[in-house]
Amino acid sequence: MTDDMDRAQKLDGFDRDVALANARARIAAAQSPRDTSIDGICIDCAQPIEPARLAALRGTTSRCADCASQFEQRVRMGR
Ligand SMILES: [Zn+2]
């Protein structure tokens with residue numbers, strides 16, 4: 001009996017947490033880099049990524065324009 005109550009309360013709490021986490025994730029994705037390892041430095045050449053590029057891609061890129069196009073070419077060629 002009390003176990004059922006506990007389970008229901010935990011479920012409510014879990015659902016609420018999930019809803020909150022989803023909302024927070026949506027806001028975070030819209031406002032800030034998704035990947036916290038992205039600090040505006042290109043992971044390939046260690047040069048600062050162009051601020052305009054970072055802003056346009058909402059900080060979701062970890063490569064500068066040059067390295068990104070090279071990377072995309074590698075991906076397109078199937079590595
Ligand atoms: Zn680069």
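1. The mean pLDDT of the protein (the predictor's confidence in each residue, from 0 to 100) is 79, and 80% of its residues reach 70 or more. Confidence is lowest in α1, at a mean of 73, and highest in α3, at 92. This is a predicted model, in which local features need pLDDT of at least 70 and side-chain atom pairs count only at pLDDT 80 or more, while totals for chains, interfaces and linings use all residues. Residues are numbered from 1 along each chain as its sequence is written.

2. The protein has 3 helices and 0 strands, where helices (H or I, at least four residues) and strands (E, at least two) are DSSP runs numbered from the N terminus. Along the sequence the pattern reads α-α-α.

3. Of the 79 residues, 8% count as buried; a residue is buried if 20 or more other C-beta atoms lie within 10 Å of its own, exposed if 12 or fewer, and partly exposed in between, with C-beta atoms placed from the backbone. Among contacts (C-beta atoms, placed from the backbone, within 7 Å) between residues at least 6 apart in sequence, 24% join residues at least 24 apart.

4. C42 lies in the loop between α1 (2–31) and α2 (51–56), and it counts as partly exposed because 18 other C-beta atoms are within 10 Å. Leaving aside its neighbours within four places in sequence, C42 is in contact with Q47, I49, R63, C64 and C67. The C-alpha atoms of C42 and S62 are separated by 5.4 Å, although these residues are 20 apart along the chain.

5. A46 is also placed in the loop between α1 and α2, and has a positive phi of about 65 degrees although it is not a glycine. A46 is exposed, since 9 other C-beta atoms lie within 10 Å.

6. Helix α3 (residues 65–76) has 12 residues and should span 16 Å at 1.5 Å a residue, which agrees with its end C-alpha atoms being 16 Å apart; the expected span is 1.5 Å times one less than the number of residues. The helix α3 is hardly covered, with a count of 0 buried residues among its 12. Just after α3, G78 takes a positive phi of about 70 degrees.

Definitions and conventions: Two residues are in contact if their C-beta atoms, placed from the backbone, lie within 7 Å.
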